[in-house]
Amino acid sequence: MANEYRAWRVSAHILLGLLSLACLLPFVLLIMSSITDPSDIVNKGYTFFPSSFSLAAYEYLLDNSEMIFRAYGITTLTTVLGTSASLMITSMLAYPLSRRDLPGGMVIAFTVFFTLLFNGGLVPTYMVYTQMFDIKNTLFAQLVPWLLMNGFNVLLMRAFFMNSIPTPVIESASIDGAGEFKIYSTIVLPLSLPIMATVGLFQGLAYWNDWNNGLVFVTDANLFNLQNVLNKIMSDIEFLSSNSGMGSGSAAAALPSETFRMAIAVIGIVPILIAYPFFQKYFVKGLTIGAVKG
């Protein structure tokens, strides 16, 4: 039995190591491709061991550094503010829904769930935000839509509150004279770090990777976030590179279109990779909501 257990552990470690390597290799290929000579990619394709290196893609990014740094600032600002505000709104809706004595709680919970199945569509959404809320070409266009459109996070947090916050603790606090907001702020939130970190990571990723809101609601290039700016630069490169009136010796022919795609992905994903380890322990615990406890 001991030998079988040892063999099983070795096999499990080998399998997990291979799976981890399979997750890591695409990032390595991404980075190597971003510093590969563009002509080398065209002639030989993507490889882990390029025969020639080039920083042309990053030099092209540096030539547009002012626009990119401004976009980084807008993306960081909207991610921080949006995630914080979204966590507050989500938790303040999920906590009352987790209380079984809430009048009409099932109806409200069904309404939240209904938004996961149906939505008004792009045109009504555009009209509501631009004509009623008047957020077009403002920072709110990058911020507001994600605050109001994620019922999944509400239901996820509601499930955590129902299964992980002891009801006797809430009842004891109520008997001692604590109001609902006092219970929410001093008892519920401190006990909810795992789900707050999990939902915060979901929301942070949504804000950081968002390009649709900028595409639909923003036409002022000074208000573009990082994803919109990088998409605009990529579109400009593709347009110049495909212009039939330009010869092979032109500046457009030398634009690093292939490696630039990879460089875009690198600068877009690095901040998330840096932030993820700080949330990992809470993220894993938050995803095990409802698991059997022994």
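**Tyr95 and Tyr184**

I looked up Tyr95 and Tyr184 and found both buried (under 20% relative accessible area with a 1.4 Å probe, protein chains only; exposed is over 50%, partly exposed in between). The model is predicted: local features need pLDDT of at least 70, side-chain atom pairs count only at pLDDT 80 or more, and totals for chains, interfaces and linings use all residues. Residues are numbered from 1 along each chain as its sequence is written, and side-chain values use heavy atoms, with hydrogens and water left out.

**Aromatic pairs**

I took rings of Phe, Tyr and Trp (its six-membered ring) as paired if their centres lie within 6.5 Å, with planes under 30 degrees apart as stacked, over 60 as edge-to-face and the rest as tilted. By this rule I count 10 aromatic pairs. I noted Tyr95 and Phe161 as edge-to-face, because their ring centres are 6.2 Å apart and their planes stand at 85 degrees. This pair links distant parts of the chain, with Tyr95 in helix α4 and Phe161 in helix α8, 66 residues apart. I took helices (H or I, at least four residues) as DSSP runs, numbered from the N terminus. Tyr95 has 6% relative accessibility and so counts as buried; Phe161, at 4%, counts as buried.

I then checked Tyr95 against Tyr184: the pair is tilted, at 5.9 Å centre to centre and 40 degrees between the planes. Tyr184 lies in helix α10 and Tyr95 in helix α4, so the pair ties together parts 89 residues apart in sequence. I also traced a cluster in which ring pairs link Tyr95, Phe160, Phe161, Phe181 and Tyr184.

**Helix α10**

In α10 (residues 180–188) I found Ile183, Tyr184, Ile187 and Val188 buried. They lie on the same side of α10, because they cover an arc of only 115 degrees around the axis, taken from the directions from the helix axis to the C-beta atoms. The buried residues of α10 pack against α4 (65–98), α8 (151–164) and α9 (167–175), where contact means heavy atoms within 4.5 Å.

**Nonpolar surface patch**

Last, I listed a nonpolar surface patch of Leu21, Leu24, Leu25, Phe27, Val28, Phe48, Phe49 and Leu273, with about 730 Å² of accessible area together (Shrake-Rupley method, 1.4 Å probe). Patch residues have over 30% relative accessible area and no salt bridge, and nonpolar side chains are joined within 5 Å, like charges within 9 Å. A salt bridge is a side-chain nitrogen of Lys or Arg within 4 Å of a carboxyl oxygen of Asp or Glu. Helix α1 (residues 2–34) gives the most to the patch, with five residues. Val28 lies in α1 and is partly exposed, with a relative accessible area of 32%.

Methods
Helix = DSSP H or I, 4+ residues; strand = E, 2+ residues; numbered from the N terminus.
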